[in-house]
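Subject: Structure for your files, with notes

Hello,

The structure is pasted below. My notes on what was found in it come after.

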Amino acid sequence: MTTGAPPPIRPARPRRSGPLRFLPLGIAAWLVLEIWLLIVVAGATSGFVVFLLLVGGLVLGSAVIKRAGRRAFRKLSEAVQQQQSGVTPAPETGGGGALTMLGGLLIILPGLISDALGLILLIPPVQKALGKFAERTFERKVREATPGGLGDAFQQARMHRPDGKVVQGEVIRDDEPPTRGPRPDDPQLPH
């Protein structure tokens, strides 16, 4: 039985880009490969060796993340102290803190492939190369950003109401004494 009303229109789901479409499948394949490799190592040695590998990865990864976090906090504290004393903080050189933490996280994850990738990320030349690659990619994406993208969203949200109209306002400074009575340029007064 029909009522004559058109069916409700549901908004179309945005399509995922090519790599994002296969991300769940890639994660599932990676997990299966990790489990298979742990079973192979357990069959070749013993389950106790696999247990020791997993616990060792947990301890080593935790130590790496803790050390990288302390280093990042120390750099932040030094930068704040320099800024408070009036000295311009020196620009970051080398960095690698995020990649070190990512390496520690990969070591913590149970599995031999993630451990190997985490250990590779702890090598300073690899960190430097990946850092430069990430910086170039980020700068290129920012240059290629089109108006109306995510970068403009914050600007637009700050300046416009949701219906697109500009919000009129007035800045009131606290250091100026308040004026008594209406101002002659006040638009609410009849002219």
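Helices α4 and α5 are roughly antiparallel to each other, a label given to angles over 145 degrees, with under 35 counted as roughly parallel, 65 to 115 as roughly perpendicular and the rest as oblique. Their axes cross at roughly 160° and come within 7 Å, α4 being residues 97-108 and α5 residues 112-121. The axes are lines fitted to C-alpha atoms, for helices over the stretch in contact, and the angles run from 0 to 180 degrees between N-to-C directions.

This is a predicted model, in which local features need pLDDT of at least 70 and side-chain atom pairs count only at pLDDT 80 or more, while totals for chains, interfaces and linings use all residues. Residues are numbered from 1 along each chain as its sequence is written, and side-chain values use heavy atoms, with hydrogens and water left out.

The chain as a whole

The protein chain has seven helices and zero strands, where helices (H or I, at least four residues) and strands (E, at least two) are DSSP runs numbered from the N terminus. Of its 191 residues, 12% are buried; buried means under 20% relative accessible area, exposed over 50%, and partly exposed in between, with a 1.4 Å probe and protein chains only. For contacts between residues at least 6 apart in sequence, 51% join residues at least 24 apart, a contact being heavy atoms within 4.5 Å.

α4 with α5

The crossing of this pair is left-handed, meaning that the near helix is turned anticlockwise from the far one by less than a right angle; clockwise would be right-handed. From α4, Leu99, Leu102, Gly103, Leu106 and Ile107 meet Ser114, Asp115, Leu117, Gly118, Leu119 and Leu121 of α5. By class, that contact holds seven nonpolar, three polar and one charged residues. Here Ala, Val, Leu, Ile, Met, Phe, Trp, Tyr, Cys and Pro count as nonpolar, Asp, Glu, Lys and Arg as charged, and the others, Gly among them, as polar.

α3 with α4

The axes of α3 (residues 47-84) and α4 come within 7 Å and cross at roughly 165°. That angle makes α3 roughly antiparallel to α4, and the crossing is left-handed. Residues of α3 in this contact include Gly57, Leu60, Gly61 and Ala68, and those of α4 include Gly97, Thr100, Gly104 and Ile107. The contact divides into nine nonpolar, seven polar and no charged residues.

Ser114 lies in α5 and is buried, with a relative accessible area of 0%. Its side chain reaches the backbone oxygen of Gly111 at 3.2 Å. Leaving aside neighbours within four places in sequence, Ser114 is in contact with Trp30, Glu34, Leu106, Ile107 and Leu109.

Leu119, also found in α5, is partly exposed at a relative accessible area of 45%. Not counting residues up to four places away in sequence, Leu119 touches Leu60 and Ile107. The C-alpha atoms of Leu119 and Thr100, 19 residues apart along the chain, are separated by 9.3 Å.

Ile120 lies in α5 and counts as partly exposed, with 42% relative accessibility. The C-alpha atoms of Ile120 and Thr100 are 10.0 Å apart, and the two residues are 20 apart along the chain.

Regards

Technical notes
Polar contact = N/O pair within 3.5 Å; in protein donor to acceptor, adjacent residues only side chain to side chain.
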